[in-house]
Amino acid sequence: MIRKTVVGLAFLAAAYFFVLGGEYTFLDLWLMEREYEEEVAELEAIRVDVTQLEATADSLATDSAALERLAREQYGLIREGERLYRFVEPD
């Protein structure tokens, strides 16, 4: 009887230490794993953005038509002799 009680208490102490004891609790480890997965997903999204930006930079460096399109669309630049017409939506 006493032996079963001692074994039971030892098991409870070991289970308590496993879940809540030590430098990092089980909950801490679980939360760190979730944070790690979120960071990995964010890193992958950033890598995709970098790849897209590199492709855009390469396109602008090598393709004069892409550069001209960017200059016209974003900066409103025109060639000599052209007229720029801007259409404004009524309020």
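**View 1. Salt bridges in the model.** The predicted structure contains 3 salt bridges. Through shared partners, these contacts join Glu 68, Arg 72, Arg 79 and Glu 82 into one network.

**View 2. Glu 68 and Arg 72 within helix α3.** A salt bridge connects the side chains of Glu 68 and Arg 72, with an N to O distance of 2.9 Å. Both residues belong to helix α3, which covers residues 64-75. They are 4 residues apart, so about one helical turn separates them. Glu 68 has a relative accessible area of 28% and is partly exposed. Arg 72 is partly exposed at 32% relative accessibility.

**View 3. Arg 79 and Glu 68.** In the salt bridge between Arg 79 and Glu 68, the closest N and O atoms lie 2.8 Å apart. This pair links distant parts of the chain, 11 residues apart: Glu 68 is in helix α3, whereas Arg 79 is in the segment after α3.

**View 4. Glu 82 and Arg 72.** Glu 82 and Arg 72 form a salt bridge in which the closest N and O atoms are 3.0 Å apart. Arg 72 sits in helix α3 and Glu 82 in the segment after α3, so their contact ties together parts 10 residues apart in sequence. Glu 82 has a relative accessibility of 33% and counts as partly exposed.

View 5. Arg 72 in turn is paired with Glu 82.

Conventions
Residues numbered from 1 in each chain as written. Predicted model: local features only at pLDDT ≥ 70, side-chain atom pairs only at ≥ 80, totals over all residues. Heavy atoms only, no water. Salt bridge = Lys/Arg side-chain N within 4 Å of Asp/Glu carboxyl O. Helix = DSSP H or I, 4+ residues; strand = E, 2+ residues; numbered from the N terminus. Buried < 20%, exposed > 50% of the residue type's maximum accessible area, 1.4 Å probe, protein only.
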